[in-house]
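Subject: Handing over a structure

Hello,

I am passing this structure on to you, with some notes on what turned up in it. Please have a look at it first, and then read on below.

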Amino acid sequence: MTISHHPGEELLLSYASGAANEAAALLVASHLALCSDCRMSVAAAEAAGGSVLSQVAPVALDRNAYDAVLARLDAPTAEIVRGANLAGNVPAPLQPYVGSDFDNIPWRHIVHGLSYYPLLTRDGTRARLIRAKAGAGVAEHTHRGEEWTLVLAGSYRDVTGRYAVGDVQTTTPQIRHEPTADPGPVCINLAVTDAPLVFAGLLPKIVGKIFGF
Amino acid sequence: MEAGANEAGRLNAAVLAVGRARDRAAFQALFDHFAPRVKGYLMRLGAGNAVAEDLAQEALLTVWRKAALFDPAKASASTWIFTIARNLRIDAIRKERRPELDPNDAALLPQAERAADETMAWAEAEDRLRAALAELPREQAEIIELSFLAEKPHSRIANELGLPLGTVKSRIRLAMARLRVALGDGT
């Protein structure tokens, strides 16, 4: 699988540092499940985090801290799961949110060929899954903020190019586009936005308002 | 550099000893080294003394419990413990879930399954990365450090430094490119 569009290094660094909110982190983790190149960037950033940790000014713990921890060492704990075998077509980081099979998600119908499923909202950033059959797509719009779209199945295109499984499209407010699913298998995307979309047409405006886009 | 590499090796060995043999002396060495650093890290990020104390203890308890999953071919002890502290903080302070990679990923396989030369190769790669980090131009190093020690979007970091966001982003790209090269092959 060749991935040509990656999240920027800035987003990868935010994921590694822990600054990225859950919605953005979900997109990055799902991309990492598909992209070894970005896994290497995150490994580099986390190693930088390890270096920052070893150089941070230490703060002494309570006098009895070590004894307090010692007293808890033998307490029974939940079994640590090693490499649980995940099945299904949903990337592992998404499975806690939607289960393992895209076909079992209770998709909400928007218009012909287009449905969605809301995942979560954090600090005004929303993550949702969008499902578009061949030829369907999100009506022409611009953005008030940034939007990241990770392709999980199928592919789509817009004025800027074609996006296939693993690709992340990053759009800024200036971009006006009408992403449309390619012929072939259904296209499923994870879309993360930090502000509502701005639709060009009246009907999409109304539909967008109803569905909270 | 040599002393730093030796210390990293000593800390890796201590986590392995805890994982394999529940070695309490090794655990105490890890506690003495890392607990005050984890507490310092959490306080730099705005946690109060009591919360930072609790989470630092919790982080070291997690080290004890998960030591068998530590894989020095994937991360040094300090990098591994950084990710533990980061995730505990997201969970306890932000009350968010931390989406993580595939649990089938080799990061979660017991270290016994990894070859010794892979372990050595990774330790050397992290040494190179630390050296590269120390040699970054001050303006790039500052942004990387703030990314870990100030929980703010890069747009706010840019604001506070009086820089355009584009400048901050390009410093991140330059710094990350150098760190990746260091991790890759050192040339």
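This is a predicted model: local features need pLDDT of at least 70, side-chain atom pairs count only at pLDDT 80 or more; totals for chains, interfaces and linings use all residues.

Strand β6 of chain A covers residues 155-158, and its pairing with β9(A) is antiparallel, over two bridges. Both belong to an open sheet of three strands in chain A, ordered β7-β6-β9 and paired antiparallel. At the edges stand β7 (161-164) and β9 (180-181) of chain A; each has a single partner strand, so one side of each has no neighbour in the sheet.

**Chain B at a glance**

Chain B has eight helices and zero strands, which gives the pattern α-α-α-α-α-α-α-α along the sequence. Of its 187 residues, 40% are buried. If you take the contacts in chain B between residues at least 6 apart in sequence, 68% of them join residues at least 24 apart.

One helix to look at is α4 of chain B, residues 77-92. This helix has 16 residues and spans 22 Å from its first C-alpha to its last, close to the expected 22 Å.

Which residues touch the most other members of the largest nonpolar core? In this core of 101 residues, they are A:Val28, B:Val15, B:Leu30, B:Leu60, B:Ile81 and B:Leu179. The core also takes at least three residues from each of domain 1 (2-115) and domain 2 (136-187) of chain B.

B:Ile81 is worth a click. Setting aside neighbours within four places in sequence, B:Ile81 is in contact with B:Phe34, B:Val38, B:Ala59 and B:Val63, and with A:Leu53 of chain A.

**Where the chains meet**

Between the two chains, 60 residues of chain B are in contact with 50 residues of chain A. On chain B, the helices α2 (24-44), α3 (49-66), α4, α5 (116-135), α6 (138-149) and α8 (165-184) each supply at least two residues of the side that touches chain A. Which helix gives the most to that side? It is α2(B), with ten residues. By type, the side of chain B that touches chain A divides into 29 nonpolar, ten polar and 21 charged residues.

Notes:
Residues are numbered from 1 along each chain as its sequence is written. Chains are lettered from A and ligands numbered from 1 in the order in which they are written. Helices (H or I, at least four residues) and strands (E, at least two) are DSSP runs, numbered from the N terminus. The expected span of a helix is 1.5 Å times one less than its number of residues. A nonpolar core is a set of buried Ala, Val, Leu, Ile, Met, Phe, Trp, Tyr and Cys residues joined through C-beta atoms within 7 Å. A residue is buried if 20 or more other C-beta atoms lie within 10 Å of its own, exposed if 12 or fewer, and partly exposed in between; C-beta atoms are placed from the backbone. Domain bounds come from an automatic or database domain assignment. Two residues are in contact if their C-beta atoms, placed from the backbone, lie within 7 Å. Ala, Val, Leu, Ile, Met, Phe, Trp, Tyr, Cys and Pro count as nonpolar, Asp, Glu, Lys and Arg as charged, and the others, Gly among them, as polar. Two strands pair if DSSP finds at least two bridges between them.
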